[in-house]
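This report describes how the parts of one structure are arranged. Please look at the sequence and the model before reading on.

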Amino acid sequence: MSVRRLHPEQPKNFAFTPENEAWAAATIAKYPPGKQASAVIPLLMRAQEQHKNWLPEPAIRHVAEKLGMAYIRVYEVATFYTQFQLGPVGTTAHVQVCGTTPCMLRGAEGLKDVCRKKIHTDQFHLSADGAFSWEEVECAGTCANAPMVQIFADTYEDLTPELLEKVIDGYARGTPPKPGSQIGRKASSPAGGFTALTDPALYDGSTLGGWQHRLAEIDAKSALTAAASASATAPEKKP
Ligand code: FES
């Protein structure tokens, strides 16, 4: 788990743009009176997007004032969730590598090596051209497709070091690959293909009502078994 601290260099102030101000007012209005604090995460996200994808301290304060919350309460939210960046990130991509157990067991260390090689030897540092940055984060919720990385709002899953290099190169060219599994599997379906429910007849309707025949077979078999057992236990008739 990384230590999350505010960046030492901060802008003097922060204010939403008129467009974001209107959006913030509409977002806050979605919540009943007295529950405006529920808008804290969307407002922080919007502030981050406005400020080159990282959240400066004046923005945290601005959101706290807007929602009538104690500054420390908003600070706690901003420093807890890794979706909030507390320092400058790459202008093209900030690569968040999941290092939690399923991803770690499936090769997250190799993904971190790619970031060290292609971006910077240390996390939270910008690449030489300022276009990329990376960090290790905790579980991002796509464990079934481990290992994975998250880049802004997208996730790239089923990665190998080679596939992550392709993802990063795609961002560098301005043509990032399609998010999701990078080995072509659908959602989190089995990596080696389906092993159950593979008979197409299960879905074409031809087996509809089959359960009734099966029940009749079971009933007939039970009746035969019961008759055989009754005749075996019946007392022999004396001549
Ligand atoms: S452990 Fe990596 S996404 Fe959950």
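At what angle do helix 3 (residues 57–67) and helix 4 (residues 71–80) pack? The angle is about 125 degrees, and the axes of the two helices are 9 Å apart. That makes helix 3 oblique to helix 4. The model is a predicted one.

## Helix 3 and helix 4

Helix 3 passes helix 4 in a right-handed crossing. On the side of helix 3, the residues that meet helix 4 are Ile60, Arg61, Val63 and Ala64. Their counterparts in helix 4 are Tyr71, Val74, Tyr75 and Ala78. Of the residues in this contact, seven are nonpolar, none is polar and one is charged.

Five strands form an open sheet in the order 2-1-3-4-5, and the pairing is mixed. Strand 2 and strand 5 (180–181) stand at the edges with a single partner strand each, so one side of each has no neighbour in the sheet.

Strand 1 (residues 93–98) pairs with strand 2 in the parallel sense, over six bridges. Within strand 2, Trp134 is the bridge partner of Val95. Strand 1 also runs antiparallel to strand 3 (residues 149–151), to which three bridges join it. Here Gln96 stands opposite Gln150 in strand 3.

Helix 6 packs on the sheet, where it touches strand 1, strand 2 and strand 3. The direction of helix 6 makes about 155 degrees with that of strand 1.

## Burial of strand 2

Is strand 2 covered on one face or on both? Both faces are covered: Phe132, Trp134 and Glu136 are buried on one side, and Ser133, Glu135 and Val137 are buried on the other. Strand 2 (residues 132–137) is largely enclosed by the rest of the structure, because six of its six residues are buried.

## Helix 6 and helix 7

Helix 6 (residues 108–118) also packs with helix 7 (residues 161–173): their axes come within 9 Å and cross at roughly 40 degrees. That makes helix 6 oblique to helix 7. The crossing in which helix 6 passes helix 7 is right-handed.

Which residues of helix 6 meet helix 7? They are Gly110, Leu111, Asp113, Val114 and Lys118, and in helix 7 they meet Pro161, Leu164, Glu165 and Ile168.

Methods: Residues are numbered from 1 along each chain as its sequence is written. This is a predicted model: local features need pLDDT of at least 70, side-chain atom pairs count only at pLDDT 80 or more; totals for chains, interfaces and linings use all residues. A residue is buried if 20 or more other C-beta atoms lie within 10 Å of its own, exposed if 12 or fewer, and partly exposed in between; C-beta atoms are placed from the backbone. Helices (H or I, at least four residues) and strands (E, at least two) are DSSP runs, numbered from the N terminus. Two strands pair if DSSP finds at least two bridges between them. Axes are lines fitted to C-alpha atoms, for helices over the stretch in contact, and angles run from 0 to 180 degrees between N-to-C directions. Angles under 35 degrees count as roughly parallel, over 145 as roughly antiparallel, 65 to 115 as roughly perpendicular and the rest as oblique. A crossing is left-handed if the near helix is turned anticlockwise from the far one by less than a right angle, and right-handed if clockwise. Two residues are in contact if their C-beta atoms, placed from the backbone, lie within 7 Å. Ala, Val, Leu, Ile, Met, Phe, Trp, Tyr, Cys and Pro count as nonpolar, Asp, Glu, Lys and Arg as charged, and the others, Gly among them, as polar.
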